[in-house]
Amino acid sequence: MTSYVEAVSGLRPKIRRAIIMLQDIVMVLIAVALSLVLSRSNLSFGALSPMGLACWASIVVLSHLLFRYCGLYNTVWRFASTPDFFNILKSCATLTVLLYGASLTFRAFQPVIGLNERQFIVFFLVSFTIISAPRLYYRFLRDGASWRILGRDTNNKLIKQALFIGRLSEADVIIRFTRTAQPAEYAIAGIMAIESEAPRGTRIQGVPVVALRPRLVEVLEEYAKGTENLDLLIFGNGVEREIEEYSELVRVARHSGIAVVQFSGFSELGQGSKLVLDAVEMETILRRSTVPPDIERIGAFVSGKRVLVTGGAGSIGRILVKRSLELGAEAVLVADISEFGIFQLDQSVDEKDHDRLKCRIIDVTDRRQMTRVVSEFKPAIIFHAAALKHVPLLEENWESAIQTNIFGTLACAEVAAKCGVPQFLLISSDKAVDPTSVLGVTKRAAEQIVSSLHETHATGLGGRRSGTKFIAVRFGNVFGSNGSVATIFQAQIEAGGPVTITDRRMTRYFMTVAEAVDLVIMSAADSERREGKDDYAIYMLDMGKPVPILQVAETMIRMAGKSPYTDIPIRFTGIRPGEKLHETLQGENEEIVTIDIAKVFGLRTDIVEWPSIQAALTALQAAMRIQDKAAALAVLAGLHEARKPPVEALQENSPKTVGQIG
């Protein structure tokens, strides 16, 4: 049977269609003969007489023209479904009526014995059966797994029926596990193999291989259309990097209401184990490869510590809070100015973790309140995620940007040093590299403050050391964060469009919030043990390759089951103030250093001496008092020119202690 399917599938489309046409003609002639035999009719003329041959020829021409007109040959045979079989039924009924009408007309001119209504009723039933049967049989041989899905056991309705897309070796492991797992959760009904050498019709533990590349999308569309009992599409580990059709497969499944997950391994639970099936997210669809986090290392770093997260109600801060609780932090304190954000965070935290979560509504620029909170809580590390981040808004609200992003960072850093917090980590941004926006220059200044404090306290100049380790972690955009392109596009798609993009050439770096948070914690863990020349003030996350924003928009539209430009228009609005076409993670005078953490680099960069930082901050405050934006931006731009002097000069100009800056 497999050889039959492969032989038919290997024929050219035109040849297959010609064979189907010839087959239908033969079936119609057989139906005529059977109708006469089964109704025991004896015609008054012979089957091979001139009149008989003329009848056969007329039936052949009429049936062929009718079947073509009804579209029987416009359907791809392997995708024949209920509407197609109804079309065959309608075509056979129409043919029967036409033949009956023709017989009545013919008998009006020349009487014919042995021809009545019984033959036409039998002809209709026989013709529909024998014309439908080959199509049904071929589909059964080709896609036998669909019959298993349609035949879901009524006693096992809780077991999810799934198709697996991946390597045969991985399919074997998953099938074996799902059949022995107690309680049973999943049943693999079919395999869509990505190996080109895998023969169709192969069975893995009785489960058929129902599709091969490059026809994965076509076959999945058939399954999605042909059955309502398919619950799940499971991708094998790493499949997104091996097949170009990945995003289209996800789109077809989600549009049909089929859940999409990705197999990533097994987790041990007590005496048994469980399939680990991860949700498929946008970064996977855009083929960003991720590295599993070193849970043991970040767990050892966070476990038992008291952690303070500024901006803890924001996108990154919220995940930092939850991750710290998961990793066994003794207590986590959230400092955020958003009352509603803190409320949402509190509602989303597991009940078992509530006793370890503390929340404070506080402005990070308020040094007095921050000092009281830090001195009472006594954190081992401060993750400073509080920041204003919307590029166009901050171009107009530049004072708020400077106050929060620069002086808020300064206040928190001062408090950390004053209260003896062992570690302070700034969440930075790729906007800080060669900045062209208010957001960029304020994040760059925040980096420079932290870098300068890092060097000051590492060298112990002036004989004073607070013991605080200051570092910054720089990375790009994260999927799903508040105000990110992903959330904006999603809202625009749900509203029916248009999706707005500033420029079709624009690219950005992307990663998930969860991945970014784990790598931030890894950076803090790495920094804790470093000293001397290998002690980095700034860490940089490997964001992979920049992704065109237009590609993100088009993919998200397809994921919603729509067509870009047709169902959902895309409008280009032009670059807004402060925006760049392409972001970079490394500045001109910066050197990337590989360390022993995947996806994390150390960064050697020019460090501005502390007296220059003090002078710039004083000038910046003066510009803000008179609301002079140009002067404020000029001060921040000047920090780029204030390079680190030789060590001898630093020793002659020992910086003031932290806390003396007004």
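This is a predicted model: local features need pLDDT of at least 70, side-chain atom pairs count only at pLDDT 80 or more; totals for chains, interfaces and linings use all residues.

A: Let's start with Gln 627, which counts as exposed because its relative accessibility is 58%, and the cut-off for exposed is over 50%. Gln 627 sits in the loop that links helix H21 (610-625) to H22.

Now step into the helix. Asp 628 caps the N-terminal end of H22, with a side-chain oxygen 3.3 Å from the backbone nitrogen of Ala 630. H22 itself covers residues 629-638, and Ala 632, Val 635 and Leu 636 are buried there. Those three span an arc of only 95° around the axis, so they end up on the same side of H22.

Positive phi turns up at Asp 434 too, where the angle is near 45°, again in a residue other than glycine. Asp 434 belongs to the loop between strand S12 (423-427) and helix H17 (438-459). With a relative accessibility of 46%, Asp 434 counts as partly exposed.

One more backbone feature to check: the peptide bond from Gly 497 to Pro 498 is cis, with omega near 0°. You'll find Pro 498 in the loop between helix H18 (485-494) and strand S15 (499-501).

How values were computed. Residues are numbered from 1 along each chain as its sequence is written. Side-chain values use heavy atoms; hydrogens and water are left out. Buried means under 20% relative accessible area, exposed over 50%, partly exposed in between (1.4 Å probe, protein chains only). Helices (H or I, at least four residues) and strands (E, at least two) are DSSP runs, numbered from the N terminus. The arc is that of the directions from the helix axis to the C-beta atoms. A polar contact is a pair of N or O atoms within 3.5 Å; within protein, one must be able to donate a hydrogen and the other to accept it, and residues adjacent in sequence count only if both atoms are side-chain atoms.
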